[in-house]
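Please look over the sequence and the structure below before reading on.

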Amino acid sequence: MKLSIERLKSLKGWIFWFIFCMVLSTVLSLWHFSSLKNMNNIIGRELTYKEMAEITKRNSPMTDYIYLTPNADFPRGDSIKKITIHHMAGNLDIKRLGKDFASSKRQASSNYAVDSSGRIALYVEERNRAWTSSSKENDDQAVTIEVANDETGGDWHVSDESYDALIELCVDICVRNDIERLVYTGDSTGNLTIHKMFSRKTQCPGPYLESRMGEIADEVNERLDEFR
């Protein structure tokens, strides 16, 4: 009888945990479905001021414009550890780039972009993976940034306004995501990377930005030191 009672208690325990796990799974599924539904409602369209304000709270407060694209993975597959810099290969307006990224035909996106006047746009929230760097592993860990060129071809120069805004955005990303320092090694082992490290088909972000990557890391780190 004693053994039967112990078995009964054990069985009741297993039944309790089974029911608990089933209820928890149902709640999480409903929450995930609700989140996806809400997410789908804000993708691929102009947002209200209230919607932009809510999204900005989860991302950079420097954001001037938001147009979320479906060309992304929801959520990203890893925590944020890196920043990857790209160039637009053109002097595109951030609204125009947002419409381009929203197209299913392009199958590309970035988390942020900086235009030639220094305005910053968000296309993929930081918690999600943008399709930017020809490397899922890198983009799962990186916040990706497209920078406008004020010169077509040549060194693919960017304006001083773009460069300054890029530095400030990198600092902000590092502070909010607990990245202590940016390290540019010239290859993919650093946490400051560029597109050409992951694809032989591109020279992105162009000679001008590539030549300043070490300087970008130094400037960002100098400002990060001010927060400590």
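Helices (H or I, at least four residues) and strands (E, at least two) are taken here as DSSP runs, numbered from the N terminus. With that convention, Pro205 falls in the loop between strand E8 (192-194) and helix H6 (206-211). The model is a predicted one, in which local features need pLDDT of at least 70 and side-chain atom pairs count only at pLDDT 80 or more, while totals for chains, interfaces and linings use all residues. Residues are numbered from 1 along each chain as its sequence is written, and side-chain values use heavy atoms, with hydrogens and water left out.

**Overall fold**
- The protein has seven helices and eight strands.
- Of the 228 residues in the protein, 45% are buried, where buried means under 20% relative accessible area, exposed means over 50%, and partly exposed is in between (1.4 Å probe, protein chains only).
- Among contacts (heavy atoms within 4.5 Å) with a separation of 6 or more, 71% are between residues 24 or more positions apart.

**Packing of H5 and H7**
- Helix H5 (residues 160-176) packs against helix H7 (residues 213-225) at an angle of about 55°, and their axes are 9 Å apart; axes are lines fitted to C-alpha atoms, for helices over the stretch in contact, and angles run from 0 to 180 degrees between N-to-C directions.
- H5 and H7 are therefore oblique to each other, given that angles under 35 degrees count as roughly parallel, over 145 as roughly antiparallel, 65 to 115 as roughly perpendicular and the rest as oblique.
- On the side of H5, the contact is made by Tyr163, Leu166, Ile167, Glu168, Cys170, Val171, Cys174 and Val175, and on the side of H7 by Glu215, Ile216, Glu219, Val220, Arg223 and Leu224.
- The residues of this contact between H5 and H7 divide into ten nonpolar, no polar and four charged, with Ala, Val, Leu, Ile, Met, Phe, Trp, Tyr, Cys and Pro counted as nonpolar, Asp, Glu, Lys and Arg as charged, and the others, Gly among them, as polar.

**Cysteines**
- The structure holds zero disulfides, a disulfide being a pair of cysteine sulfur atoms within 2.5 Å.
- Cys170 is in no disulfide, and the nearest cysteine sulfur, that of Cys174, is 6.5 Å away.
- Cys170 is buried, with a relative accessible area of 0%, and Cys204 is also buried, at 5%.

**Backbone features**
- Most residues other than glycine have a negative phi, and most peptide bonds are trans.
- The peptide bond from Phe74 to Pro75 is cis, with omega near 0°, and Pro75 is found in the loop between strand E2 (72-73) and strand E3 (82-87).
- Cys204 and Pro205 are also joined by a cis peptide bond, for which omega is about 15°.
- Trp156, which is not a glycine, has a positive phi of about 55°, and this residue lies in the loop between strand E7 (142-147) and H5.
- Asp178 has a positive phi near 55°, lies in the loop between H5 and E8, and counts as exposed at 69% relative accessibility.

**Surroundings of Asn128**
- Asn128 is found in the loop between strand E5 (120-122) and strand E6 (129-130), and is buried, with a relative accessible area of 6%.
- Not counting residues up to four places away in sequence, Asn128 touches Asp73, Phe74, Pro75, Arg76 and Asn111, so that both residues of the cis bond from Phe74 to Pro75 are among its contacts.
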